[in-house]
Amino acid sequence: MERIDTGVRRIVAPNPSPMTGRGTNTYVLGSGRVAVIDPGPEDAGHLAAIAEGLDPGERIVAILVTHAHLDHSEGAPALSRQTGAPVWAFGDADAGRPAAMSAFQGRLPEGEGTDRAFRPDRLLADGEELGMGDWRVRALHTPGHFGNHLSFGFGDLVFSGDVVMGWSTTLIAPPEGDLNDYFRSLARLRGTGARRLLPGHGAPVEAPTLRIDELDAHRRLRSAQILGALAGGPKDIPTLRAMLYPDLAAPLHPAAERNILAHLIALHAAGEVLGAAGANGPFALPSGA
């Protein structure tokens, strides 16, 4: 357990991977009666380390979950049973999913990381505040990576979950992810004026506005690259992935193809691309484009 800001401690779960970096960041807020953000996977050693890292006499009174991916939410029920603390979140794995993505239910396989068993004890609405003892957070609904994604404002800090990270871009994988929601969530986080962002994976983001602008520009460039690739004729998603990610390791191909699909769905909705959105394609530019 390490202190990384005023009133904030962090312990990293032992689940490193190309998608999680060093592992999931579990945060502890306040002192005495504390809150835990994102208990991480259901790992007995990690959950024990959270409890052992508390100061003498402290107890966990609230468990906050940013979103229903297993690497963030799976450990919440076990930690709740151990401590008696309720689990707070925006909702289950379907909560907050936009209608555009709900239309793909059953047509697209969900990502392997979706926590279908996740059921929070209590719901947090967008803008709702929750506090006990010396900590208070404000829930910010920030979908895009996942429909039920919450970020948490804490003074001049924001816990940004998987929406903004410093070490990596965010996976946007339909039907859980939606690119247009993601752009709106970036704007929402930019508007907070946060001094630092504390992400779900990796180190704190020390220059939030700069990083948010980088991520926004990256996504808009990716859409432009897809349109450029389609200017040469119709293509399916694997072909686009090979063009846009030529050096990507094979195990990451499925994630890259889901990201491309997110862009294609948004472009299709805007009338800039033709094709069977939600399938491999082929996709093409409208006649005369």
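Before you click: residues are numbered from 1 along each chain as its sequence is written, and side-chain values use heavy atoms, with hydrogens and water left out. Since you are looking at a prediction, local features need pLDDT of at least 70 and side-chain atom pairs count only at pLDDT 80 or more, while totals for chains, interfaces and linings use all residues.

**Stop 1: the cores.** Select Val8, Leu29, Trp135, Phe152 and Phe159, the residues with the most contacts inside the largest nonpolar core, which has 22 residues. A nonpolar core here is a set of buried Ala, Val, Leu, Ile, Met, Phe, Trp, Tyr and Cys residues joined through side-chain atoms within 4.5 Å; buried is under 20% relative accessible area, exposed over 50%, partly exposed in between (1.4 Å probe, protein chains only). Strands supplying at least two residues each include strand 3 (25-29), strand 9 (135-141) and strand 11 (157-161). Strands are DSSP E runs of at least two residues, numbered from the N terminus. Apart from this core lies another, of 20 residues, among them Val36, Ile60, Ala76 and Leu79.

**Stop 2: Val8.** Show its neighbours (contact: heavy atoms within 4.5 Å). Leaving out residues up to four places away in sequence, Val8 touches Tyr27, Leu29, Phe154, Phe159 and Leu198, among others.

**Stop 3: the rings.** Now select Tyr27, Phe154 and Phe159, a cluster linked by ring pairs. Rings of Phe, Tyr and Trp (its six-membered ring) pair if their centres lie within 6.5 Å; planes under 30 degrees apart are stacked, over 60 edge-to-face, the rest tilted. Tyr27 and Phe159 are edge-to-face, 4.9 Å centre to centre with 65 degrees between the planes. Tyr27 is in strand 3 and Phe159 in strand 11, so this pair ties together parts 132 residues apart in sequence. Phe154 and Phe159 have centres 6.2 Å apart and planes at 50 degrees, so they are tilted. Tyr27 counts as buried at 2% relative accessibility, Phe159 at 1% and Phe154 at 13%.

**Stop 4: charges over rings.** Jump to Arg220, whose charged end sits over the ring of Phe183, 3.9 Å from its centre. Arg219 does likewise over Tyr182, at 5.9 Å. The test is CZ of Arg or NZ of Lys within 6 Å of the ring centre and within 35 degrees of the ring normal.

**Stop 5: strand 9 again.** Finish on Arg138, Gly153, Gly155, Asp156 and Leu157, which lie nearest the centre of the second largest pocket, among 14 lining residues. Strand 9 gives the most to that lining, with four residues. A pocket is an open set of points on a 1 Å grid over the protein atoms alone, where a 1.4 Å probe fits, with protein on both sides within 12 Å along at least five of seven lines; lining residues have an atom within 4 Å of a point.
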